[in-house]
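These are my notebook entries on a structure that I had not examined before. I set down what I looked up, entry by entry.

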Amino acid sequence: LSSKTRRILFISRLTADKGVYEVIHAVHRLSRKIDNLELIIAGDGPALDGAMRVAAEKKMTNVRFAGYVTGESKRHIFEQAHLLCFPTHHGEGMPNSIAESMGFGLPVVTRSVGGINDFFINRVHGLTTRLNQPQVFADMIEALLDDQRIYRRIACHNYRFAQSHFKASNAARRLDRIYKHI
């Protein structure tokens, strides 16, 4: 990890079922153990005011609410982050936040729900759980930040995986081969 500040990213529409409160509570617990930890929350939605209120009540000065981001601002946030924490309990399909994070080589901490189960391999793409307690997410984040070897292996794998599976030109070539085969 190249920066002294460890940045955890949560990027999504801000709704309770996407896990925004769980990530705030997880980072709050970790902040007692890990110095220079920052949580970046990017997105907007109905849970924004509640999330800001929870962070303020916990006196978390290490939470940055970036709002809805696009273009260069979005790219910059991904480049600053060290990992994505996405503790969703929503019936996800293929979350953009996970695909985009992998494209930037970020390890992912998430829940195995919905379409995430269809591709996400625990300890290959990051860490996943079926549980929904903030302490579980805090422990998974800490495990990744503490083990440079595993962190780097997952980061490199995610970048390569995203390039071969999520890049539009590669997906178009795969579809073309499927259509020609049929």
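**Aromatic pairs**

I looked up the aromatic pairs and found that the structure holds 6 of them. For this count, rings of Phe, Tyr and Trp (its six-membered ring) pair if their centres lie within 6.5 Å; planes under 30 degrees apart are called stacked, those over 60 edge-to-face and the rest tilted. I examined Phe78 and Phe104, which form a stacked pair at 4.9 Å centre to centre, with 5 degrees between the planes. This pair links distant parts of the chain, since its members are 26 residues apart. I located Phe78 in helix H3 (residues 71-80), and Phe104 in the loop between helix H4 (96-103) and strand E5 (108-111). Helices here are DSSP runs of H or I with at least four residues, and strands are runs of E with at least two, numbered from the N terminus.

I must note the basis of these entries: the model is predicted, local features need pLDDT of at least 70, side-chain atom pairs count only at pLDDT 80 or more, and totals for chains, interfaces and linings use all residues. Residues are numbered from 1 along each chain as its sequence is written, and side-chain values use heavy atoms, with hydrogens and water left out.

Phe78 counts as buried because its relative accessibility is 2%, whereas Phe104, at 36%, counts as partly exposed. Buried means under 20% relative accessible area, exposed over 50%, and partly exposed in between (1.4 Å probe, protein chains only).

Phe161 is buried, with a relative accessible area of 15%, and Phe166 is partly exposed at 30%. I recorded also that ring pairs link Phe119, Phe120, Phe161 and Phe166 into a cluster.

I found His125 in the loop between H5 and E6. Is His125 buried or exposed? It counts as buried, because its relative accessibility is 1%. I listed what His125 touches, not counting residues up to four places away in sequence: Met102, Pro107, Val108, Phe119, Phe120, Ile154, His157, Asn158 and Phe161. Contact means heavy atoms within 4.5 Å.

**H4 with H7**

I looked up how H4 packs with helix H7 (residues 148-165), and noted an angle of about 110 degrees and axes 7 Å apart. Axes are lines fitted to C-alpha atoms, for helices over the stretch in contact, and angles run from 0 to 180 degrees between N-to-C directions. H4 and H7 are therefore roughly perpendicular to each other. Angles under 35 degrees count as roughly parallel, over 145 as roughly antiparallel, 65 to 115 as roughly perpendicular and the rest as oblique. Ala99, Met102 and Gly103 of H4 meet Asn158, Tyr159, Phe161, Ala162 and Gln163 of H7 in this contact. I sorted these residues into 5 nonpolar, 3 polar and no charged. Ala, Val, Leu, Ile, Met, Phe, Trp, Tyr, Cys and Pro count as nonpolar, Asp, Glu, Lys and Arg as charged, and the others, Gly among them, as polar.

**H1 with H6**

I repeated the exercise for helix H1 (residues 20-31) and helix H6 (residues 134-146), which pack at about 60 degrees with their axes 8 Å apart. H1 and H6 are therefore oblique to each other. From H1 the contact takes Glu22, His25, Ala26, Arg29 and Leu30; from H6 it takes Pro134, Gln135, Phe137, Ala138, Ile141 and Glu142. I sorted the residues of this contact into 6 nonpolar, 2 polar and 3 charged.

I also checked Val54, which is found in helix H2 (residues 48-57) and touches Tyr21, Ile24 and His25, not counting residues up to four places away in sequence. At 15% relative accessibility, Val54 counts as buried.

**Positive phi**

Most residues other than glycine have a negative phi. I noted that Asn36, in the loop between H1 and strand E2 (37-42), has a positive phi near 55 degrees. I noted likewise that Arg123, in the loop between helix H5 (116-119) and strand E6 (126-129), has a positive phi near 70 degrees. Asn36 counts as partly exposed at 48% relative accessibility, and Arg123 is partly exposed at 42%.
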